[in-house]
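Subject: Structure for you to look at

Hello,

Here is the structure I said I would pass on. Please open it first, and then read the notes below with it on screen.

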Amino acid sequence: MVGRQTLDLSTEVRILVPQPLLPFLVSLHMGEPTQRAKVTRARMLSPTVRELVLVPLGSKISFKPGQWVSLKLPVGERPPLTRAYSMAEPESSSGELVLAFDRVPGGLGSGYLSSVKEGDELILAAPYGNFTVPRPLTVDLVLVARFTGIVPIRCILRELFESPVSCQVTLIYGSPTQTEQIYHDELQELAARHKAFRYLPTVLDGSEPAGEERRTESEILASLWQGRKDFLPMVCGTKAFIRPLKTYMLELGFGRKEAKFETYD
(Lines give C-alpha, C1' and ligand atoms only; values in the text may rest on other atoms or scores of the structure.)
Protein backbone atom coordinates (compact mmCIF):
# COMPACT_ATOMS: atom_id res chain seq x y z
CA MET A 1 0.00 0.00 0.00
CA VAL A 2 1.22 3.49 -0.72
CA GLY A 3 1.87 5.60 2.34
CA ARG A 4 -0.71 8.31 2.90
CA GLN A 5 0.51 11.82 3.64
CA THR A 6 -1.65 14.78 4.62
CA LEU A 7 -0.65 17.86 2.66
CA ASP A 8 -0.75 21.12 4.61
CA LEU A 9 -1.20 23.50 1.69
CA SER A 10 -0.19 26.60 3.59
CA THR A 11 3.12 25.03 4.59
CA GLU A 12 3.83 23.36 1.25
CA VAL A 13 3.20 26.49 -0.79
CA ARG A 14 5.13 28.85 1.48
CA ILE A 15 8.24 26.73 1.86
CA LEU A 16 8.53 24.20 -0.95
CA VAL A 17 6.46 25.17 -3.96
CA PRO A 18 6.82 28.18 -6.27
CA GLN A 19 3.65 30.24 -6.54
CA PRO A 20 2.97 29.27 -10.20
CA LEU A 21 2.47 25.66 -9.05
CA LEU A 22 -0.34 26.50 -6.59
CA PRO A 23 -3.14 25.10 -8.83
CA PHE A 24 -1.04 21.96 -9.29
CA LEU A 25 -0.84 21.32 -5.53
CA VAL A 26 -4.53 22.06 -5.01
CA SER A 27 -5.47 19.44 -7.60
CA LEU A 28 -3.26 16.89 -5.84
CA HIS A 29 -4.84 17.68 -2.50
CA MET A 30 -8.25 16.84 -3.91
CA GLY A 31 -7.26 13.57 -5.61
CA GLU A 32 -5.48 10.30 -4.87
CA PRO A 33 -2.94 9.99 -2.01
CA THR A 34 0.39 11.36 -3.18
CA GLN A 35 3.80 12.14 -1.80
CA ARG A 36 6.96 13.89 -2.89
CA ALA A 37 10.04 11.97 -3.99
CA LYS A 38 13.56 13.24 -4.56
CA VAL A 39 15.64 12.33 -7.61
CA THR A 40 18.90 10.91 -6.27
CA ARG A 41 20.46 9.55 -9.47
CA ALA A 42 19.97 9.80 -13.20
CA ARG A 43 21.72 8.11 -16.10
CA MET A 44 21.23 7.38 -19.79
CA LEU A 45 20.79 3.69 -20.63
CA SER A 46 20.80 4.35 -24.38
CA PRO A 47 20.60 7.36 -26.70
CA THR A 48 16.88 7.72 -25.93
CA VAL A 49 16.26 5.85 -22.65
CA ARG A 50 16.86 7.47 -19.28
CA GLU A 51 16.82 5.88 -15.83
CA LEU A 52 15.83 7.81 -12.69
CA VAL A 53 16.24 6.77 -9.07
CA LEU A 54 13.71 8.33 -6.69
CA VAL A 55 13.46 8.24 -2.90
CA PRO A 56 9.97 8.89 -1.47
CA LEU A 57 10.07 11.64 1.15
CA GLY A 58 6.94 10.47 2.99
CA SER A 59 6.34 6.76 3.45
CA LYS A 60 8.24 3.88 1.91
CA ILE A 61 6.33 2.34 -0.99
CA SER A 62 5.86 -1.43 -0.99
CA PHE A 63 5.18 -2.95 -4.39
CA LYS A 64 5.31 -6.15 -6.41
CA PRO A 65 7.66 -6.51 -9.40
CA GLY A 66 5.72 -5.54 -12.52
CA GLN A 67 3.79 -2.71 -10.87
CA TRP A 68 4.09 1.00 -11.68
CA VAL A 69 3.96 4.48 -10.17
CA SER A 70 1.80 7.39 -11.27
CA LEU A 71 3.81 10.61 -11.64
CA LYS A 72 2.02 13.97 -11.45
CA LEU A 73 4.01 16.35 -13.64
CA PRO A 74 3.61 20.15 -13.62
CA VAL A 75 3.30 20.48 -17.40
CA GLY A 76 0.59 20.61 -20.05
CA GLU A 77 -2.41 22.85 -20.55
CA ARG A 78 -4.13 21.63 -17.38
CA PRO A 79 -1.48 20.27 -14.99
CA PRO A 80 -0.81 17.94 -13.41
CA LEU A 81 -0.05 15.68 -16.34
CA THR A 82 -0.30 12.06 -15.12
CA ARG A 83 2.09 9.50 -16.54
CA ALA A 84 2.71 5.88 -15.50
CA TYR A 85 6.18 4.33 -15.25
CA SER A 86 7.07 0.79 -14.19
CA MET A 87 9.69 -0.01 -11.59
CA ALA A 88 12.91 -1.38 -13.08
CA GLU A 89 14.21 -2.91 -9.85
CA PRO A 90 12.51 -4.79 -6.99
CA GLU A 91 11.71 -3.22 -3.65
CA SER A 92 14.81 -2.53 -1.56
CA SER A 93 15.56 -1.69 2.06
CA SER A 94 16.59 1.83 0.97
CA GLY A 95 13.11 2.52 -0.38
CA GLU A 96 14.52 3.66 -3.72
CA LEU A 97 12.31 3.45 -6.81
CA VAL A 98 14.08 2.91 -10.12
CA LEU A 99 12.20 4.04 -13.24
CA ALA A 100 13.22 4.00 -16.89
CA PHE A 101 11.55 5.66 -19.88
CA ASP A 102 12.22 6.54 -23.49
CA ARG A 103 12.13 10.12 -24.76
CA VAL A 104 9.06 10.37 -27.00
CA PRO A 105 9.46 13.04 -29.71
CA GLY A 106 7.19 15.90 -28.70
CA GLY A 107 6.11 14.06 -25.54
CA LEU A 108 5.31 16.40 -22.65
CA GLY A 109 5.85 13.82 -19.91
CA SER A 110 9.07 12.26 -21.17
CA GLY A 111 10.33 15.70 -22.22
CA TYR A 112 9.89 17.04 -18.70
CA LEU A 113 11.48 13.97 -17.07
CA SER A 114 14.43 14.19 -19.45
CA SER A 115 15.25 17.58 -17.92
CA VAL A 116 15.01 16.77 -14.20
CA LYS A 117 18.25 16.70 -12.24
CA GLU A 118 19.55 15.05 -9.10
CA GLY A 119 17.98 16.86 -6.15
CA ASP A 120 14.77 17.75 -8.00
CA GLU A 121 11.47 16.57 -6.56
CA LEU A 122 8.52 14.84 -8.21
CA ILE A 123 5.01 14.05 -7.01
CA LEU A 124 3.90 10.43 -7.24
CA ALA A 125 1.28 7.91 -6.19
CA ALA A 126 1.84 4.14 -6.10
CA PRO A 127 1.72 1.22 -6.49
CA TYR A 128 -0.63 0.18 -9.29
CA GLY A 129 -0.99 -2.66 -11.77
CA ASN A 130 -1.55 -6.41 -12.01
CA PHE A 131 1.32 -7.31 -14.35
CA THR A 132 2.80 -9.57 -11.70
CA VAL A 133 3.95 -13.18 -11.49
CA PRO A 134 1.74 -15.51 -9.39
CA ARG A 135 3.57 -17.05 -6.47
CA PRO A 136 4.40 -19.83 -6.19
CA LEU A 137 5.21 -20.15 -9.90
CA THR A 138 3.95 -23.60 -10.94
CA VAL A 139 4.19 -23.42 -14.77
CA ASP A 140 6.86 -22.31 -17.22
CA LEU A 141 6.99 -18.55 -17.71
CA VAL A 142 7.34 -16.94 -21.14
CA LEU A 143 8.13 -13.22 -21.08
CA VAL A 144 7.93 -11.13 -24.25
CA ALA A 145 9.11 -7.51 -24.29
CA ARG A 146 9.64 -4.87 -26.91
CA PHE A 147 11.93 -1.88 -26.27
CA THR A 148 11.12 -0.27 -22.88
CA GLY A 149 8.60 -3.04 -22.25
CA ILE A 150 11.66 -4.74 -20.76
CA VAL A 151 11.54 -2.43 -17.71
CA PRO A 152 8.88 -4.25 -15.61
CA ILE A 153 10.12 -7.61 -16.88
CA ARG A 154 13.66 -6.84 -15.74
CA CYS A 155 12.21 -6.07 -12.30
CA ILE A 156 10.31 -9.37 -12.31
CA LEU A 157 13.41 -11.36 -13.30
CA ARG A 158 15.67 -9.77 -10.69
CA GLU A 159 13.24 -10.65 -7.91
CA LEU A 160 12.39 -14.08 -9.31
CA PHE A 161 16.01 -15.27 -9.41
CA GLU A 162 16.84 -14.12 -5.89
CA SER A 163 15.76 -17.65 -4.90
CA PRO A 164 15.80 -21.03 -6.68
CA VAL A 165 13.38 -21.34 -9.61
CA SER A 166 11.97 -24.78 -10.47
CA CYS A 167 10.16 -23.77 -13.69
CA GLN A 168 11.69 -22.75 -17.01
CA VAL A 169 11.73 -18.98 -17.66
CA THR A 170 12.13 -17.71 -21.24
CA LEU A 171 12.58 -14.05 -22.22
CA ILE A 172 12.09 -12.89 -25.82
CA TYR A 173 13.25 -9.27 -26.02
CA GLY A 174 13.04 -7.14 -29.15
CA SER A 175 14.92 -3.83 -29.50
CA PRO A 176 14.68 -1.35 -32.38
CA THR A 177 18.50 -1.17 -32.72
CA GLN A 178 21.57 -2.48 -30.92
CA THR A 179 22.17 0.89 -29.28
CA GLU A 180 18.65 0.84 -27.79
CA GLN A 181 19.04 -2.66 -26.29
CA ILE A 182 18.87 -1.70 -22.61
CA TYR A 183 19.91 -4.03 -19.76
CA HIS A 184 21.23 -6.47 -22.40
CA ASP A 185 24.56 -7.33 -20.72
CA GLU A 186 22.85 -7.87 -17.38
CA LEU A 187 20.30 -10.25 -18.94
CA GLN A 188 23.05 -12.22 -20.67
CA GLU A 189 24.84 -12.61 -17.33
CA LEU A 190 21.61 -13.72 -15.66
CA ALA A 191 21.12 -16.41 -18.30
CA ALA A 192 24.73 -17.58 -17.85
CA ARG A 193 24.21 -17.97 -14.09
CA HIS A 194 20.82 -19.70 -14.14
CA LYS A 195 20.03 -22.81 -16.17
CA ALA A 196 16.32 -22.17 -15.68
CA PHE A 197 16.55 -18.88 -17.61
CA ARG A 198 16.72 -18.68 -21.40
CA TYR A 199 17.35 -15.26 -22.94
CA LEU A 200 16.50 -14.68 -26.62
CA PRO A 201 17.24 -11.10 -27.71
CA THR A 202 16.49 -9.84 -31.20
CA VAL A 203 17.26 -6.52 -32.90
CA LEU A 204 14.48 -5.40 -35.20
CA ASP A 205 16.65 -3.51 -37.70
CA GLY A 206 18.61 -6.71 -38.41
CA SER A 207 21.88 -5.41 -36.96
CA GLU A 208 22.27 -7.97 -34.18
CA PRO A 209 25.60 -9.83 -33.87
CA ALA A 210 26.03 -13.16 -35.61
CA GLY A 211 24.58 -16.02 -33.62
CA GLU A 212 21.71 -14.03 -32.14
CA GLU A 213 18.10 -14.20 -33.26
CA ARG A 214 17.16 -12.54 -36.55
CA ARG A 215 13.40 -12.89 -36.24
CA THR A 216 10.59 -10.84 -34.70
CA GLU A 217 9.42 -11.64 -31.20
CA SER A 218 6.22 -13.28 -32.46
CA GLU A 219 8.16 -15.48 -34.89
CA ILE A 220 10.44 -16.66 -32.09
CA LEU A 221 7.45 -17.31 -29.86
CA ALA A 222 5.65 -19.30 -32.56
CA SER A 223 8.69 -21.44 -33.27
CA LEU A 224 9.20 -22.33 -29.60
CA TRP A 225 5.66 -22.69 -28.29
CA GLN A 226 3.49 -23.73 -31.25
CA GLY A 227 0.90 -26.24 -30.04
CA ARG A 228 1.68 -25.67 -26.35
CA LYS A 229 -0.34 -23.82 -23.76
CA ASP A 230 1.20 -25.24 -20.60
CA PHE A 231 2.92 -21.96 -19.79
CA LEU A 232 2.14 -18.45 -18.56
CA PRO A 233 2.71 -15.74 -21.20
CA MET A 234 3.44 -12.20 -20.05
CA VAL A 235 3.85 -9.55 -22.75
CA CYS A 236 4.81 -5.88 -22.42
CA GLY A 237 5.04 -3.35 -25.24
CA THR A 238 3.03 -0.85 -27.22
CA LYS A 239 -0.63 -1.44 -28.12
CA ALA A 240 0.31 -2.01 -31.76
CA PHE A 241 2.81 -4.69 -30.72
CA ILE A 242 0.53 -6.43 -28.24
CA ARG A 243 -2.65 -6.53 -30.32
CA PRO A 244 -1.55 -9.29 -32.75
CA LEU A 245 0.06 -11.26 -29.92
CA LYS A 246 -3.25 -11.26 -28.06
CA THR A 247 -4.87 -12.70 -31.17
CA TYR A 248 -2.14 -15.33 -31.41
CA MET A 249 -2.64 -16.34 -27.78
CA LEU A 250 -6.36 -16.74 -28.38
CA GLU A 251 -5.60 -18.96 -31.37
CA LEU A 252 -3.37 -21.10 -29.15
CA GLY A 253 -6.34 -21.57 -26.84
CA PHE A 254 -5.49 -19.19 -24.01
CA GLY A 255 -8.45 -17.68 -22.17
CA ARG A 256 -8.66 -13.98 -21.36
CA LYS A 257 -7.19 -14.51 -17.89
CA GLU A 258 -4.56 -17.07 -18.89
CA ALA A 259 -2.13 -14.53 -20.34
CA LYS A 260 -0.98 -11.14 -19.05
CA PHE A 261 -0.44 -8.03 -21.13
CA GLU A 262 0.87 -4.57 -20.25
CA THR A 263 1.05 -1.56 -22.56
CA TYR A 264 3.10 1.61 -22.10
CA ASP A 265 1.52 3.92 -24.66
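Among contacts between residues at least 6 apart in sequence, 71% join residues at least 24 apart. Please keep in mind that this is a predicted model. The protein has seven helices and 11 strands. Of its 265 residues, 48% count as buried.

On the helix 4 side, the contact is made by I150, R154, L157 and R158; on the helix 5 side, E186, L187 and L190 take part. The general rule for spacing is that an α-helix has 3.6 residues a turn, so residues three or four places apart point the same way.

Is helix 4 mostly enclosed or open to the outside? Nine of its 11 residues are buried, so helix 4 is largely enclosed by the rest of the structure. The buried residues are I150, V151, P152, I153, R154, C155, I156, L157 and L160.

R154 counts as buried because its relative accessibility is 2%, and the cut-off for buried is under 20%. What does the side chain of R154 meet in helix 5? The side chains of R154 and E186 form a salt bridge, with 2.8 Å from N to O. Since R154 lies in helix 4 and E186 in helix 5, the pair ties together parts that are 32 residues apart in sequence. E186 counts as partly exposed, at 26% relative accessibility.

R154 also forms a salt bridge with E89, where the closest N and O atoms are 3.5 Å apart. E89 lies in the loop between strand 4 (81–86) and strand 5, and R154 in helix 4, so this pair ties together parts that are 65 residues apart in sequence. At 23% relative accessibility, E89 counts as partly exposed. E89, R154, R158 and E186 are linked in a network of salt bridges. As a general point, side chains of opposite charge can pair when their charged atoms come close.

How many salt bridges does a search of the whole structure find? The search finds 15. One of them joins the side chains of D230 and R228, at 2.8 Å from N to O. D230 is partly exposed, with a relative accessible area of 45%, and R228 is also partly exposed, at 31%.

D102 sits in strand 5, which runs over residues 97–102. D102 is buried yet has no salt bridge. Which side chain of opposite charge is nearest to D102? The nearest is R103, 9.1 Å away. A salt bridge needs the nitrogen and the oxygen within 4 Å. Leaving aside neighbours within four places in sequence, D102 is in contact with T48, V49, S110, F147, T148 and Y264.

To go over this on screen, start with R154, which has a salt bridge to E89 and another to E186. Then turn to D102, which is buried without a salt bridge.

Regards

Definitions and conventions:
Residues are numbered from 1 along each chain as its sequence is written. This is a predicted model: local features need pLDDT of at least 70, side-chain atom pairs count only at pLDDT 80 or more; totals for chains, interfaces and linings use all residues. Side-chain values use heavy atoms; hydrogens and water are left out. Helices (H or I, at least four residues) and strands (E, at least two) are DSSP runs, numbered from the N terminus. Buried means under 20% relative accessible area, exposed over 50%, partly exposed in between (1.4 Å probe, protein chains only). Lys and Arg count as positive and Asp and Glu as negative; His and the chain ends are not counted. Contact means heavy atoms within 4.5 Å.
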